[in-house]
Amino acid sequence: GKDMMIELLKSHLEVSNATNLQLRLTVERMSSSMKSMEVTISELRATTAKGDFAELFDKAVELIKEFEGWHSAKHYPYIGYGHKLLPHENLTADITEEQADSLLRADLLERYKYFRQYGKDALLLTVLAYNVGHSRLLGYGKRPKSNLIKKIESGDRDIYEEYISYRCYKGKPIPSIERRRKREFQLLYIP
(Lines give C-alpha, C1' and ligand atoms only; values in the text may rest on other atoms or scores of the structure.)
Protein backbone atom coordinates (compact mmCIF):
# COMPACT_ATOMS: atom_id res chain seq x y z
CA GLY A 1 0.00 0.00 0.00
CA LYS A 2 1.10 3.52 0.83
CA ASP A 3 3.83 2.14 3.04
CA MET A 4 5.39 0.37 0.04
CA MET A 5 5.80 3.68 -1.81
CA ILE A 6 7.15 5.35 1.33
CA GLU A 7 9.64 2.51 1.84
CA LEU A 8 10.63 2.74 -1.83
CA LEU A 9 11.56 6.39 -1.26
CA LYS A 10 13.34 5.72 2.01
CA SER A 11 15.34 2.86 0.50
CA HIS A 12 17.04 5.36 -1.77
CA LEU A 13 18.41 7.32 1.21
CA GLU A 14 21.00 5.51 3.31
CA VAL A 15 23.40 8.31 4.06
CA SER A 16 24.97 10.29 6.87
CA ASN A 17 26.49 13.64 5.86
CA ALA A 18 24.79 17.08 6.10
CA THR A 19 23.57 17.02 2.49
CA ASN A 20 21.97 13.67 3.12
CA LEU A 21 20.32 14.96 6.28
CA GLN A 22 18.57 17.55 4.10
CA LEU A 23 17.51 14.77 1.73
CA ARG A 24 16.15 12.69 4.62
CA LEU A 25 14.10 15.67 5.75
CA THR A 26 12.71 16.02 2.22
CA VAL A 27 11.77 12.33 2.10
CA GLU A 28 10.18 12.51 5.56
CA ARG A 29 8.10 15.45 4.33
CA MET A 30 7.11 13.36 1.30
CA SER A 31 6.26 10.37 3.52
CA SER A 32 3.96 12.54 5.58
CA SER A 33 2.41 13.91 2.40
CA MET A 34 1.86 10.39 1.05
CA LYS A 35 0.10 9.28 4.25
CA SER A 36 -2.25 12.25 4.07
CA MET A 37 -3.07 11.55 0.42
CA GLU A 38 -4.84 8.29 1.32
CA VAL A 39 -3.54 6.70 -1.85
CA THR A 40 -3.08 2.96 -1.86
CA ILE A 41 -1.29 0.83 -4.42
CA SER A 42 -4.51 -1.16 -4.90
CA GLU A 43 -6.38 2.04 -5.83
CA LEU A 44 -3.67 2.91 -8.31
CA ARG A 45 -3.68 -0.59 -9.80
CA ALA A 46 -7.43 -0.30 -10.31
CA THR A 47 -6.85 2.75 -12.52
CA THR A 48 -3.66 1.51 -14.17
CA ALA A 49 -4.45 -1.06 -16.86
CA LYS A 50 -0.80 -1.25 -17.92
CA GLY A 51 0.13 -3.04 -14.73
CA ASP A 52 1.75 -2.38 -11.43
CA PHE A 53 1.97 1.30 -10.48
CA ALA A 54 5.39 0.97 -8.85
CA GLU A 55 6.81 -0.55 -12.03
CA LEU A 56 5.26 2.17 -14.20
CA PHE A 57 6.47 4.83 -11.77
CA ASP A 58 10.03 3.44 -12.04
CA LYS A 59 9.83 3.55 -15.84
CA ALA A 60 8.64 7.17 -15.67
CA VAL A 61 11.61 8.02 -13.41
CA GLU A 62 14.05 6.43 -15.89
CA LEU A 63 12.47 8.32 -18.80
CA ILE A 64 12.75 11.65 -16.96
CA LYS A 65 16.39 10.91 -16.14
CA GLU A 66 17.09 10.19 -19.80
CA PHE A 67 15.60 13.45 -21.02
CA GLU A 68 16.58 15.73 -18.13
CA GLY A 69 20.15 14.55 -17.97
CA TRP A 70 22.43 15.58 -15.12
CA HIS A 71 22.19 19.15 -13.77
CA SER A 72 25.52 20.40 -12.48
CA ALA A 73 26.44 23.67 -10.73
CA LYS A 74 26.13 25.55 -14.04
CA HIS A 75 22.40 24.70 -14.12
CA TYR A 76 21.64 26.41 -10.78
CA PRO A 77 18.97 26.47 -9.30
CA TYR A 78 18.45 22.98 -10.77
CA ILE A 79 20.38 19.97 -9.51
CA GLY A 80 20.40 16.23 -10.11
CA TYR A 81 17.71 15.27 -12.60
CA GLY A 82 15.93 18.61 -12.65
CA HIS A 83 15.13 19.20 -8.97
CA LYS A 84 14.65 22.92 -8.46
CA LEU A 85 16.25 24.05 -5.22
CA LEU A 86 13.78 25.62 -2.83
CA PRO A 87 14.71 28.54 -0.55
CA HIS A 88 14.84 26.35 2.58
CA GLU A 89 17.04 23.66 0.98
CA ASN A 90 20.78 23.72 1.60
CA LEU A 91 21.70 21.25 -1.12
CA THR A 92 24.32 21.78 -3.80
CA ALA A 93 24.92 20.28 -7.23
CA ASP A 94 27.50 18.04 -5.56
CA ILE A 95 25.06 15.19 -4.83
CA THR A 96 25.26 11.53 -5.72
CA GLU A 97 23.15 9.81 -8.37
CA GLU A 98 21.34 7.96 -5.58
CA GLN A 99 20.48 11.26 -3.88
CA ALA A 100 19.33 12.78 -7.18
CA ASP A 101 17.14 9.73 -7.83
CA SER A 102 15.54 10.13 -4.41
CA LEU A 103 14.89 13.83 -5.00
CA LEU A 104 13.30 13.07 -8.37
CA ARG A 105 11.01 10.44 -6.83
CA ALA A 106 10.07 12.78 -3.99
CA ASP A 107 9.32 15.58 -6.46
CA LEU A 108 7.11 13.29 -8.55
CA LEU A 109 5.17 12.07 -5.53
CA GLU A 110 4.69 15.67 -4.40
CA ARG A 111 3.25 16.57 -7.83
CA TYR A 112 1.16 13.41 -7.98
CA LYS A 113 -1.13 14.76 -5.25
CA TYR A 114 -2.35 17.45 -7.66
CA PHE A 115 -3.39 14.86 -10.24
CA ARG A 116 -4.49 11.76 -8.34
CA GLN A 117 -8.14 12.62 -9.01
CA TYR A 118 -7.47 12.01 -12.73
CA GLY A 119 -7.20 8.25 -12.17
CA LYS A 120 -5.38 6.49 -14.98
CA ASP A 121 -4.12 9.83 -16.33
CA ALA A 122 -2.59 10.89 -13.00
CA LEU A 123 0.94 9.64 -13.65
CA LEU A 124 0.96 10.97 -17.23
CA LEU A 125 -0.06 14.42 -15.96
CA THR A 126 2.43 14.22 -13.08
CA VAL A 127 5.32 13.56 -15.46
CA LEU A 128 4.25 16.45 -17.71
CA ALA A 129 3.93 18.73 -14.68
CA TYR A 130 7.48 17.87 -13.63
CA ASN A 131 8.61 19.64 -16.79
CA VAL A 132 6.00 22.37 -17.29
CA GLY A 133 4.60 22.94 -13.79
CA HIS A 134 1.26 21.84 -12.36
CA SER A 135 -0.29 25.30 -12.46
CA ARG A 136 0.21 25.48 -16.22
CA LEU A 137 -2.03 22.44 -16.52
CA LEU A 138 -4.53 23.09 -13.72
CA GLY A 139 -4.65 26.88 -14.05
CA TYR A 140 -4.27 29.47 -11.33
CA GLY A 141 -5.47 33.02 -10.78
CA LYS A 142 -6.60 34.32 -14.15
CA ARG A 143 -4.91 31.47 -16.04
CA PRO A 144 -7.61 28.94 -17.01
CA LYS A 145 -7.28 25.17 -16.94
CA SER A 146 -5.40 23.77 -19.91
CA ASN A 147 -7.27 22.25 -22.83
CA LEU A 148 -5.66 18.95 -21.89
CA ILE A 149 -7.25 18.99 -18.42
CA LYS A 150 -10.58 20.21 -19.80
CA LYS A 151 -10.68 17.30 -22.27
CA ILE A 152 -9.84 14.73 -19.63
CA GLU A 153 -12.47 16.15 -17.28
CA SER A 154 -15.08 15.99 -20.03
CA GLY A 155 -14.34 12.29 -20.57
CA ASP A 156 -12.70 12.84 -23.97
CA ARG A 157 -9.80 10.36 -24.23
CA ASP A 158 -8.46 11.80 -27.50
CA ILE A 159 -5.74 13.86 -25.80
CA TYR A 160 -2.64 13.08 -27.87
CA GLU A 161 -2.49 16.45 -29.68
CA GLU A 162 -3.11 18.41 -26.49
CA TYR A 163 -0.38 16.46 -24.68
CA ILE A 164 2.14 16.83 -27.49
CA SER A 165 1.38 20.56 -27.69
CA TYR A 166 3.65 21.00 -24.64
CA ARG A 167 6.69 20.82 -26.92
CA CYS A 168 7.50 24.50 -27.29
CA TYR A 169 10.09 26.80 -25.77
CA LYS A 170 9.52 30.54 -26.17
CA GLY A 171 6.66 29.75 -28.53
CA LYS A 172 8.67 27.55 -30.91
CA PRO A 173 8.37 23.76 -31.23
CA ILE A 174 11.56 22.04 -30.07
CA PRO A 175 12.21 18.59 -31.62
CA SER A 176 13.84 17.15 -28.48
CA ILE A 177 10.90 18.23 -26.31
CA GLU A 178 8.49 16.78 -28.86
CA ARG A 179 10.38 13.44 -28.73
CA ARG A 180 10.12 13.55 -24.94
CA ARG A 181 6.36 14.19 -25.00
CA LYS A 182 5.84 11.34 -27.50
CA ARG A 183 7.85 8.89 -25.37
CA GLU A 184 6.00 9.95 -22.21
CA PHE A 185 2.65 9.49 -23.94
CA GLN A 186 3.64 6.13 -25.39
CA LEU A 187 4.80 4.88 -21.98
CA LEU A 188 2.12 6.35 -19.69
CA TYR A 189 -1.11 6.86 -21.65
CA ILE A 190 -3.74 4.31 -20.70
CA PRO A 191 -6.65 4.13 -23.18
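Accessible areas are taken here from the Shrake-Rupley method with a 1.4 Å probe. In this predicted model, the accessible surface of the chain amounts to about 10000 Å², and 51% of that surface belongs to carbon and sulfur atoms. Of the 191 residues in the chain, 45% are buried.

The secondary structure consists of 10 helices and four strands, which follow one another along the sequence in the pattern α-α-α-α-β-β-α-α-α-α-α-β-β-α. Among the contacts in the chain with a separation of 6 or more, 58% are accounted for by residues 24 or more positions apart.

The largest pocket holds about 800 Å³ of space and has a lining of 30 residues, among which Tyr-78, Gly-82, Arg-111, Tyr-130 and Asn-131 lie nearest its centre. Several elements contribute to this lining, with at least two residues supplied by each of α2 (18-37), α4 (53-68), β2 (83-84), α5 (97-115), α6 (122-132), α7 (134-138) and α10 (175-188). The largest share comes from α5, which provides five residues of the lining of the largest pocket.

Notes:
Residues numbered from 1 in each chain as written. Predicted model: local features only at pLDDT ≥ 70, side-chain atom pairs only at ≥ 80, totals over all residues. Heavy atoms only, no water. Buried < 20%, exposed > 50% of the residue type's maximum accessible area, 1.4 Å probe, protein only. Contact = heavy atoms within 4.5 Å. 1 Å grid on protein atoms, 1.4 Å probe; cavity = no way out; pocket = protein on both sides within 12 Å on 5 of 7 lines; lining within 4 Å. Points joined across faces, edges and corners; volume = space filled by probe spheres on them.
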